[in-house]
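Hi,

Here is the structure I said I would pass on to you.

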Amino acid sequence: MTTQELHSEPRARVGGGWTSALALVCLGLYMAFLTPIQVLLAEQIDAIDPAGKELALGWATGTGALVAVVANPLAGALSDRTGGRFGRRRPWILGGAVAGAAGLAVTSAQTTVVGVTLGWCLAQLGLNAMLAGTSAVVPDQVPVSQRAAVSGWIGIPQTLGLVVGALLVTMVVTSTTAGYLLLALLVVLCALPFVVLTRDPRDPRDPRTPREARRARVRLGDFLVNPRTHPDFGWAWLTRFLVMLGNAIGTLYLLYFLKDAVRHARPDEGVLVLTLLYTAGVVVTAVAGGAVSDRWGRRKVLVSVSSVVMGAASLLLTFWHTWPVAMAAALLLGLGFGAYIAVDQALITQVLPSAGDRAKDLGVINIANSAPQVLGPALAAPVVAYAGGYAGLYLTSAVVTFLGGILVWRIRSVP
């Protein structure tokens, strides 16, 4: 990071209203992201192709995840180069919300698996453009001493969005089509207060050449961050990837785990109970963990401890396949993930290679969030089938998560 960029780091603390407005953006975003994957796409594809629903759902969600891997860093790079009176981030937040809403509306009208997949990919394009702008807002405007606490507040909607979204599409509306359209409306409405009431800061690049900086073309090489030149960024990416991969492996077959291993009488209801326990754990530790990290001034130890807690939750399910243990593991996983997502996100903003390319670099980091959704099924299926069943699955999840918590110590520039 250049001297000019270091001086551009934000110093003024943000207020509760600003944080609340950004958290509302994230709530709408994650409702639109997660609810279709967990509820609407599954119901829609079940109605279209009940015999091949598992494979069809995997294709739809996997293809959407691949789109996200490309769209997020690309939208971030374009956001970094956006200029004008509306700033760099707000056009992408609102424009992405509108495009994502359009994709959800298109998906709602489909009657074939191919149509559903294409509609969901369109929604992913828009929602990832929105995510690119939203992710860069924190390092753009929040000082380092406040970042973990703010990241905790905006991390809660990542879990709460699924719960609220699922309740809305199952209890407020009565059809899959209405569920998609309700989410499409909410993602736009949730974005409006932040877009209308806040301002973007000035481009941190050399103020004498903002026009030339914005005119720079986006090239493939722009997305390649050399881990030798920026080793801390590389380690931060790898640790996030491993922890998210462990999470993806551990949660993929939760419904089947409750049905086949735990022998839960109503596995659908069991998943809902576990989701609520997990959400409660996230809410308890996300803000508190972020506040402790900001006050203490240390990140790595809290990231490592929270990874150990998440890995311990997977170990419980490795050895005990009972309903009480499953509930305890869900709560423990939420407690670990809440602190992890707040503190690790703050850590990542401190190792970005360039203040002028924050959205692009955070888009590269977000690949570490999306790629496990593609790789998770490919790794989990053979483990369940050939390497110890569910015990092997959760042991794999624990090992991968522990490894992420260990490798965070390779980061040198952040305490």
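Below is what turned up, sorted by topic.

One thing before the details: this is a predicted model, and every value here is computed from it.

**Helix 14 and a neighbour**

Let's start with helix 14, which runs over residues 358-386. Helix 14 has 29 residues and covers 42 Å from its first C-alpha to its last, close to the 42 Å expected at 1.5 Å a residue. There is a bend in helix 14, though: about 35° at Leu375, with a proline, Pro377, following within four residues. Just after the helix comes Gly388, whose phi is positive, at about 100°.

Now look at Ser135, which sits in helix 5 (residues 113-141). Which residues does Ser135 touch, leaving out those up to four places away in sequence? The answer is Leu362 and Asn366. Ser135 has a relative accessibility of 15%, so it counts as buried, the cut-off being under 20%.

**Aromatic rings**

The aromatic pairs come to eight. Take Tyr30 and Phe33: their ring centres are 6.1 Å apart and their planes are at 40°, so this pair is tilted. Both residues belong to helix 2 (residues 16-48), and because they are three residues apart there, about one helical turn separates them. Tyr30 counts as buried because its relative accessibility is 14%, and Phe33 is buried too, with a relative accessible area of 8%.

Another tilted pair is made by Tyr278 and Phe337, with 6.1 Å centre to centre and 35° between the planes. This one links distant parts of the chain: Tyr278 is in helix 11 (residues 267-296) and Phe337 is in helix 13 (residues 323-349), 59 residues apart. Are these two buried or exposed? Tyr278, at 16% relative accessibility, counts as buried, and so does Phe337, at 5%.

Ring pairs join Phe257, Tyr390 and Tyr394 into a cluster. Then there is Trp296, where Arg298 lies over the face of the ring, at 5.5 Å from the ring centre.

**Salt bridges**

How many salt bridges does a search of the whole structure find? It finds eleven. Here are some of them:

- Asp46 and Lys53 form a salt bridge in which the closest N and O atoms are 3.8 Å apart. Asp46 is partly exposed, with a relative accessible area of 32%, and Lys53 is partly exposed as well, at 33%.
- Asp344 and Arg240 meet through their side chains, at 2.8 Å from N to O. Asp344 is in helix 13 and Arg240 in helix 9 (residues 231-252), so to speak a link between distant parts of the chain, 104 residues apart. Both Asp344 and Arg240 are buried.
- Asp361 and Lys360 form a salt bridge with their closest N and O atoms 2.7 Å apart. Asp361 is buried, and Lys360 is too.

There is also a network: salt bridges that share partners join Asp80, Arg88, Arg89, Asp140 and Arg358.

Where is Arg263? You will find Arg263 in the loop between helix 10 (254-262) and helix 11. Its phi is near 65°, a positive value in a residue other than glycine. With a relative accessibility of 64%, Arg263 counts as exposed, since the cut-off for that is over 50%.

Arg412 lies in the segment after helix 15 (389-407). Arg412 counts as exposed because its relative accessibility is 64%.

Cheers

Terms used: Residues numbered from 1 in each chain as written. Predicted model: local features only at pLDDT ≥ 70, side-chain atom pairs only at ≥ 80, totals over all residues. Heavy atoms only, no water. Helix = DSSP H or I, 4+ residues; strand = E, 2+ residues; numbered from the N terminus. Buried < 20%, exposed > 50% of the residue type's maximum accessible area, 1.4 Å probe, protein only. Contact = heavy atoms within 4.5 Å. Expected span 1.5 Å × (residues − 1). Bend = angle between axes of the 7 residues up to and from the residue. Phe/Tyr/Trp six-rings, centres within 6.5 Å; stacked < 30°, edge-to-face > 60°. Lys NZ or Arg CZ within 6 Å of the ring centre and 35° of its normal. Salt bridge = Lys/Arg side-chain N within 4 Å of Asp/Glu carboxyl O.
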